[in-house]
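Hello,

Here is the structure I promised to pass on. My notes follow below it.

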Amino acid sequence: MPPAHLRRAAYLLVSVALGFAYARRSGTLVRVSALVRPCQSAVDVAAIEANLPTGPSELHARRFRRTAEGAVYLLAWLDNAAVGHVLVTAQSKYEEVRDRLGTFPEVNALGVATAYRRRGVARALMEAAARIAVSMGGTRLGLAVEPDNEPAVGLYQALGFRRHPTVDPVDEWTWIDDFGAEHVERDRCTYWSRGL
Ligand SMILES: CC(C)(COP(=O)(O)OP(=O)(O)OC[C@H]1O[C@@H](n2cnc3c(N)ncnc32)[C@H](O)[C@@H]1OP(=O)(O)O)[C@@H](O)C(=O)NCCC(=O)NCCS
């Protein structure tokens, strides 16, 4: 992990980075751009919660709190609306991955609001995540995805990620229902990575 001032510099770099993309409209390609920068405040958390609501689970707030332990929660903005997110950590959350593949940065919790999909927002988020991973000292970036998630698998293949065929971690996560009860989900995933 590089010193804190270098990580702050990386934050600044990403905060001014524009991710360019193309949207298909009426058969023509129209250029749009997504600004990607780290989530920095409760105001940012409220902005992403407005477009990708997580209710009592408060997933965005939980991810933002992980900034205190060195993670970076990136948000994508279009037309002043927070429309996408991804969490970057310095090492895998999965013990199986750390034991079998080693220690390198990982992205989790990638998501784009339904109305803004297929405009390159996820691509812009992943490119910014790769820059953050490099600033964390990483030479490889990993991720887990459920095998039947065709849009996500299509995205990762398009970005050059390759599957580790013998590493299938279980993603365990919790959510809270409207009555305050906590539920644990366990999803069998495939594991993918690419060099940086
Ligand atoms: C997966 C997801 C993040 C993609 O976001 P997006 O902003 O629509 O993706 P992009 O527009 O940046 O797509 C970039 C490339 O990914 C691939 N891709 C994206 N959506 C796809 C789909 N539905 N089917 C096949 N390929 C797809 C394409 O190669 C695409 O390039 P193209 O549009 O030039 O063909 C979005 O569908 C989503 O939020 N899904 C629900 C949450 C989720 O599954 N997250 C991943 C968890 S591992």
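Which residues of H5 are buried? They are Val121, Ala122, Ala124, Leu125, Met126, Ala128, Ala129, Ile132, Ala133 and Ser135. Buried means that 20 or more other C-beta atoms, placed from the backbone, lie within 10 Å of the residue's own. Helices here are DSSP runs of H or I with at least four residues, strands are E runs of at least two, and both are numbered from the N terminus.

Two points on the source. This is a predicted model: local features need pLDDT of at least 70, side-chain atom pairs count only at pLDDT 80 or more, and totals for chains, interfaces and linings use all residues. Residues are numbered from 1 along each chain as its sequence is written.

Now the core. The largest nonpolar core has 44 residues. Such a core is a set of buried Ala, Val, Leu, Ile, Met, Phe, Trp, Tyr and Cys residues joined through C-beta atoms within 7 Å. H5 gives the largest share of this core, nine residues. Leu125 is in contact (C-beta atoms, placed from the backbone, within 7 Å) with Val36, Leu74, Ala76, Gly84, Val86 and Leu110, leaving aside neighbours within four places in sequence. After H5 comes Gly137, with a positive phi near 95°.

Best wishes

Note on methods. A residue is buried if 20 or more other C-beta atoms lie within 10 Å of its own, exposed if 12 or fewer, and partly exposed in between; C-beta atoms are placed from the backbone. Two residues are in contact if their C-beta atoms, placed from the backbone, lie within 7 Å.
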